[in-house]
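Reader: I am new to protein structures and would like to learn how to read one. Could you take me through an example, feature by feature?

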Amino acid sequence: MNVQGFEELKRVLASVPEEQLDMTNWNSCACGRATRDEWFRSQGLTTCTDFPTAAAFFDITRGQAEALFSGRNSRRVTTTEVIHNIDQLLARPGNQEDSEVTRTVRRQAVIDGLLVKANEVAHKARRVATAVVCALF
C-alpha cells in the first residue's frame, strides 16, 4: 500500500471545497485532483481515468480503488468522507506491516506538506514586499 501517496492525497483533498469534489467525474474526483498536484506528478501520476490506474498507483486492489474512488449510487461524496475512508483503509490490520516505517512515512508526508505551504507563503510575501518597494521608489 502506498501510504505516502494516501497521506499526500489527504493533503490535496483538504484544500478542495466540499462542493467541488465530484466522485462521478474522473477530472473532479479525488484521483483526478491528485493528477494536478506537483507531488503526484513527480511520482508519475499524471492521468487517472480508471480504477486499475488508481489501484496500481496506490498499491491497493481494484475493489478497494472502486470503493474509494467512485461516487456510489450517485450520492454526493464529500472530501471529509473520502479522507475518512482513506484513514479507515490505512488503519485496517495487515495494511501496516512495519508500523515504524509507516509512522515515519506519514510524518515525512506531513512535514513535506507543511514545507510546501511555507514555501507558498514565502513566495507571496516576497511578491508583496517587491510590490511595496516598487511603489515607494
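This is a predicted model: local features need pLDDT of at least 70, side-chain atom pairs count only at pLDDT 80 or more; totals for chains, interfaces and linings use all residues.

Reader: What pattern does the protein chain follow, read along the sequence?

Author: Read that way, the pattern is α-α-α-α-α-α-α. The chain has 137 residues, and 34% of them count as buried. Its accessible surface comes to about 8,300 Å², with 55% of that belonging to carbon and sulfur atoms.

Reader: Among contacts between residues at least 6 apart in sequence, what percentage join residues at least 24 apart?

Author: In this chain, 56% of those contacts do.

Reader: Let's zoom in on one residue. Is Lys10 buried or exposed?

Author: Start with its place: Lys10 sits in helix H1, which covers residues 3-14. Buried means under 20% relative accessible area. Lys10 has 16% relative accessibility, so Lys10 counts as buried.

Reader: Which residues is Lys10 in contact with, leaving aside its neighbours within four places in sequence?

Author: They are Ile83, Ile86 and Asp87. With Asp87 there is a further detail: the side chains of Lys10 and Asp87 make a polar contact at 2.5 Å.

Reader: How do I read a pair of helices?

Author: Two packed helices are described by the angle between their axes and the distance between the axes. Take H4 and helix H5 (residues 62-69): their axes come within 8 Å and cross at roughly 105 degrees.

Reader: Why are H4 and H5 described as roughly perpendicular to each other?

Author: Angles of 65 to 115 degrees count as roughly perpendicular. The crossing angle is roughly 105 degrees, and H4 and H5 are therefore roughly perpendicular to each other.

Reader: Which residues meet where H4 and H5 are in contact?

Author: From H4 come Phe51, Pro52, Ala54, Ala55 and Phe58, and from H5 come Arg62, Ala65, Glu66 and Phe69. Sorted by kind, the residues of this contact are seven nonpolar, no polar and two charged.

Reader: What about the loop between H4 and H5?

Author: Let's look at a backbone angle there. Most residues other than glycine have a negative phi. Asp59 lies in the loop between H4 and H5, and the phi of Asp59 is near 55 degrees, a positive value in a residue other than glycine. Thr61 is found in that loop as well. At 45% relative accessibility, Thr61 counts as partly exposed.

Reader: Where is Gln43, and how far is Gln43 from Gly5 in space?

Author: Gln43 belongs to the loop between helix H3 (38-42) and helix H4 (51-58). The C-alpha atoms of Gln43 and Gly5 are 9.0 Å apart in space, and the two residues are 38 residues apart in sequence. Gln43 has 44% relative accessibility and so counts as partly exposed.

Definitions and conventions. Residues are numbered from 1 along each chain as its sequence is written. Side-chain values use heavy atoms; hydrogens and water are left out. Helices (H or I, at least four residues) and strands (E, at least two) are DSSP runs, numbered from the N terminus. Buried means under 20% relative accessible area, exposed over 50%, partly exposed in between (1.4 Å probe, protein chains only). Contact means heavy atoms within 4.5 Å. Accessible areas come from the Shrake-Rupley method with a 1.4 Å probe; for residues, only the protein chains shown count as cover. A polar contact is a pair of N or O atoms within 3.5 Å; within protein, one must be able to donate a hydrogen and the other to accept it, and residues adjacent in sequence count only if both atoms are side-chain atoms. Axes are lines fitted to C-alpha atoms, for helices over the stretch in contact, and angles run from 0 to 180 degrees between N-to-C directions. Angles under 35 degrees count as roughly parallel, over 145 as roughly antiparallel, 65 to 115 as roughly perpendicular and the rest as oblique. Ala, Val, Leu, Ile, Met, Phe, Trp, Tyr, Cys and Pro count as nonpolar, Asp, Glu, Lys and Arg as charged, and the others, Gly among them, as polar.
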